[in-house]
Amino acid sequence: MIPKRTVLLTVLAIVLIAIAVRYPLVEHERNQTDSYFIHRLSYSIVDSGYAKWTFSAFSYVGYYPFSYPSGMPFLVAEVSSLTGLNIESCILLTNFVLATVFCLACFVLARQFLKRPEYVLLATLLVTLGSRFVDTSYWNASARGSFVVIFTLVVFVSFRAAAMGQNRLFILAGILAVGCLAMHHMAVLLVLFGVGYLLAAFETHYFLKRFSLHRRRMAVAFNVVFGLSIVVFVVGFSERFGNPGFSSFEETPLLDINPTALSIILNMAASYTSQIGFILLFALMGIPSLFRSSRLSLETLFPLAVLIVFIPILGSALYVSMLLAPFIAILGSMCIAKLLESSRRRLTVLSIIVLLIVSSAALPIWSTQRWNEEKYLSGETVSVEDQVFNDAVYVSVNFKGIDAISNIDTTASELAAIGHGTFLGSSIWMVLSGDVTREDLLRNLTWSAAPFPRNLYVWFEYPQPPNVDFFVLGLMVTGVGFVAGPQSSATEYYLNHPKLVVAVDSLRPSEYVNMYSISHASFLTEIERSTAKANQQFSSYECYQTAGLTLYLVQLPF
């Protein structure tokens, strides 16, 4: 038995590894729109002293129009208020804390299912090195990472309370569950963990107790039948309502083979392996060994039950992989424990474990290196009146509060976040820019008629809000004629926003790029002509330029 002190020191070492793999090798938080989204909301709280989008208690959990689950923005804003650091530094600090808490949460969760400390530590290390979670919490303000941490604690506390009969712990689990709701809409998936627990409890406390012989065979049959029933349901659901996320795995650069079902399974396995680590392979191989345990208990079968009930949504790999990672690591560690206990070639098994750890460490390093090589527009510097600025700081100093648009979504998000600029956009940005007020919302609020599964988190709606994203797209692609033509909602909107800062990525000086398409931007051509005085359709002049970015100040012709 490993001494307790050694276990604690090993946990500390794993925590340090978790922090080390998140050490930033870039100048700013990474080039991800999700992170800049949270960054902008957090800064708005610090700047205004409150969250402008909180029109109702439902706004805090994102169940109200023009809102978003606000746990992460409030967390980052609170860290900024307590430390005095800027939002970007607080995001990095928060990621270090989340990595530490997640490591400890996975350790105490693994202890519920694995008896020997060395296997608990192995599972904890492999979860900590899971590339998907590292990627999500590497100088990134993604709400998913913080949600996964709290979610893991909810599962642990709930399981502990049920297993030990400590009902008071359910109160703590309930408080943590509210935190999950405030972090991300994925909180609805707590229901599946509850179903998994009920399935495992029914099997061990009711079904298997009715058999004095062949209990293991009956346990195998129970899980196989239940699993196949879910697969049949998913297939039937797909034929009637469309493929629930699995279609993206039908054809990938890795595999495109027939039958399609086999292609989906193999591509999905490759995707989950790249996100969780190679421990997934051991987890799958270790499932049969579960039924050879000396005692079929709730702790033995719960990880398997969780995997079975998640079958219908396995197509959403980017969301599900982080939630299943602790249980994949636990199942994989169970498999490795069986191999070590039963195999005569212990040296071979130990070599496999070392190879597994090394390969698992390589995945997050490769993943973060991908992002470290990204080119950052805000990394460029320019000298203005003997002061050195980067693009974003220049925007913050000179154009704070002025309406802006950009020809690339990510550029707009980055400059708006780091430069605290006001870039026009739909949904919650309309509240921050004052396009929608509390009085507007109260006059137009209606109960949502959204279909399943969207109705799980869309309860209220604001009918026919101005589609500012479309207004920006129309102006960029069509040109100034889009707003200067016949009276329309776009014309009415731009009458109130006639002066714009236009941020243009110098790598795409005449194109408009959003997440769905790349189009020729006639508006940018018109700006160039007006700036050069060759064909002055409207007032325009260049106010800033570097090799990566150009800013124009434009007065629309009204």
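Q: What makes Glu-118 count as buried, partly exposed or exposed?
A: Its relative accessibility is 23%. Buried means under 20% relative accessible area, exposed means over 50%, and partly exposed is in between (1.4 Å probe, protein chains only). Glu-118 therefore counts as partly exposed. This is a predicted model: local features need pLDDT of at least 70, side-chain atom pairs count only at pLDDT 80 or more, and totals for chains, interfaces and linings use all residues. Residues are numbered from 1 along each chain as its sequence is written, and side-chain values use heavy atoms, with hydrogens and water left out.

Q: How do you know that Glu-118 forms a salt bridge with Arg-116?
A: A salt bridge is a side-chain nitrogen of Lys or Arg within 4 Å of a carboxyl oxygen of Asp or Glu. The closest N and O atoms of Glu-118 and Arg-116 are 2.6 Å apart. Arg-116 has a relative accessible area of 42%, so Arg-116 is partly exposed.

Q: How many salt bridges does this rule count?
A: Four. Among them is Arg-132 with Asp-135, at 3.9 Å from N to O. Both of these residues are buried. Another joins Asp-440 and Arg-443, at 2.6 Å. Arg-443 has a relative accessible area of 59%, so Arg-443 is exposed.

Q: Why are Asp-440 and Arg-443 separated by about one helical turn?
A: Because they are three residues apart in helix H19 (residues 438-444). Helices here are DSSP runs (H or I, at least four residues), numbered from the N terminus.

Q: Why is H11 called oblique to H12?
A: H11 (residues 260-276) and H12 (residues 279-290) pack at an angle of about 120°, with their axes 8 Å apart. Axes are lines fitted to C-alpha atoms, for helices over the stretch in contact, and angles run from 0 to 180 degrees between N-to-C directions. Under 35 degrees counts as roughly parallel, over 145 as roughly antiparallel, 65 to 115 as roughly perpendicular, and the rest as oblique. That makes H11 oblique to H12.

Q: What is the angle between H5 and H14?
A: The axes of H5 (residues 117-128) and H14 (residues 317-342) cross at roughly 140° and come within 9 Å. H5 and H14 are therefore oblique to each other.

Q: What makes Met-183 buried or exposed?
A: Met-183 has a relative accessible area of 8%, so Met-183 is buried. Met-183 lies in helix H8 (residues 168-183).

Definitions and conventions. Helix = DSSP H or I, 4+ residues; strand = E, 2+ residues; numbered from the N terminus.
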